[in-house]
Amino acid sequence: MTADAARYEGRDRSDDEEEVPLGGYAALSAAFATSVAVFAGVARRKGVRLPDEVPPWDVALMGTAVYKASRLLSRDKITSFVRAPFTRRGSHALAGEVLDEPRGTGVRRAVGDLVSCPFCVSVWAAGAVVGSYACAPRATRLACAGLGAVTLADWLQYAWTWTQQTAEK
């Protein structure tokens, strides 16, 4: 463990405790910032014209899509192959979701922390959605509408289950 990580944690590390991968977090942050900068440069060079405004319904649609995309990437059983190199199966959650736990050290551990956290993944998903919206707003709205429909369907499934459970009591 680096001295910075030990100071960050506010404790001395025993050999069986896991290290906070500050270097890995820094690498991921640098990768995200670099991706944004490269996208902005390429978009400018290709003459992509940014929208003058983003209507509130587009923000709501993109927000719903980012929510669902982050859940799919970080918790869905079917996408576990993406997380597997960086996580281990933790436990099962409701609605077929799984709770993976990060593994490894350094960058591997940092990526495991990222891909197992829907809140963390949502920032990356939002970056992809916003970049897509800037280049191809109609296609992005369509893709977001699909993810939004799945989100609505999930909520309806939960409502139906709750209704059934309430009726059985």
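Leaving aside neighbours within four places in sequence, which residues is proline 118 in contact with? Point 1 takes this up. The other points cover the rest of the chain.

1. **Proline 118.** This is a predicted model. In it, proline 118 is in contact with Ser70, Arg71, Ser74 and Arg75, leaving aside its neighbours within four places in sequence. Proline 118 is found in helix α6. Its relative accessible area is 7%. Buried means under 20%, so proline 118 is buried. One of its contacts, serine 74, is 44 residues away along the chain. The C-alpha atoms of proline 118 and serine 74 are separated by 5.4 Å.

2. **Overall layout.** The protein chain has seven helices and two strands. From the N terminus on, the order is α-α-α-α-β-β-α-α-α. The chain has 169 residues, and 28% of them count as buried. Take the contacts between residues at least 6 apart in sequence: 51% of these join residues at least 24 apart.

3. Strand β1 covers residues 87-92 and pairs with β2 in the antiparallel sense. Five bridges hold the count for this pairing. Threonine 87 has proline 102 of β2 as its bridge partner. Histidine 92 has valine 98 of β2 as its partner. The two strands form a hairpin, with five residues between them. In the turn, alanine 95 has a positive phi of about 60 degrees.

4. **Phenylalanine 86.** This residue lies in the loop between α4 and β1. Is it buried or partly exposed? Phenylalanine 86 has a relative accessible area of 25%, so it counts as partly exposed. Leaving aside neighbours within four places in sequence, its contacts include Glu101 and Pro102. Arg103, Arg108, Val111, Gly112 and Val115 are also in contact with phenylalanine 86. Alanine 110 is 24 residues from phenylalanine 86 along the chain, and their C-alpha atoms are separated by 8.5 Å.

5. **Helix α5.** Why can helix α5 be called largely enclosed by the rest of the structure? Helix α5 spans residues 106-115, and seven of its ten residues are buried. The buried residues are Arg109, Ala110, Val111, Gly112, Asp113, Leu114 and Val115. Several elements cover them, including α2, α3 and α4. Also among the covering elements are β1, β2 and α6.

6. **Helices α2 and α6.** Helix α2 runs over residues 22-45 and helix α6 over residues 118-135. Their axes come within 11 Å and cross at roughly 5 degrees. Angles under 35 degrees count as roughly parallel, so α2 is roughly parallel to α6. On the α2 side, Leu28, Ala31, Phe32 and Phe39 make the contact. On the α6 side, Val123, Trp124, Gly131, Ala134 and Cys135 make it. Of these contact residues, eight are nonpolar, one is polar and none is charged.

7. **The aromatic pair.** How many aromatic pairs does a search of the whole structure find? The search finds one. Phenylalanine 32 and tryptophan 124 form the pair. The geometry is edge-to-face, with 5.1 Å centre to centre and 65 degrees between the planes. The pair links distant parts of the chain: phenylalanine 32 is in helix α2, tryptophan 124 is in helix α6, and they are 92 residues apart. Phenylalanine 32 has 25% relative accessibility and counts as partly exposed. Tryptophan 124, at 31% relative accessibility, also counts as partly exposed.

8. **Aspartate 58.** Helix α3, residues 56-75, contains aspartate 58. Is aspartate 58 buried or exposed? Its relative accessibility is 2%, so aspartate 58 counts as buried. Not counting residues up to four places away in sequence, aspartate 58 touches Tyr133 and Arg141.

Notes:
Residues are numbered from 1 along each chain as its sequence is written. This is a predicted model: local features need pLDDT of at least 70, side-chain atom pairs count only at pLDDT 80 or more; totals for chains, interfaces and linings use all residues. Side-chain values use heavy atoms; hydrogens and water are left out. Two strands pair if DSSP finds at least two bridges between them. Helices (H or I, at least four residues) and strands (E, at least two) are DSSP runs, numbered from the N terminus. Buried means under 20% relative accessible area, exposed over 50%, partly exposed in between (1.4 Å probe, protein chains only). Contact means heavy atoms within 4.5 Å. Axes are lines fitted to C-alpha atoms, for helices over the stretch in contact, and angles run from 0 to 180 degrees between N-to-C directions. Angles under 35 degrees count as roughly parallel, over 145 as roughly antiparallel, 65 to 115 as roughly perpendicular and the rest as oblique. Ala, Val, Leu, Ile, Met, Phe, Trp, Tyr, Cys and Pro count as nonpolar, Asp, Glu, Lys and Arg as charged, and the others, Gly among them, as polar. Rings of Phe, Tyr and Trp (its six-membered ring) pair if their centres lie within 6.5 Å; planes under 30 degrees apart count as stacked, over 60 as edge-to-face and the rest as tilted.
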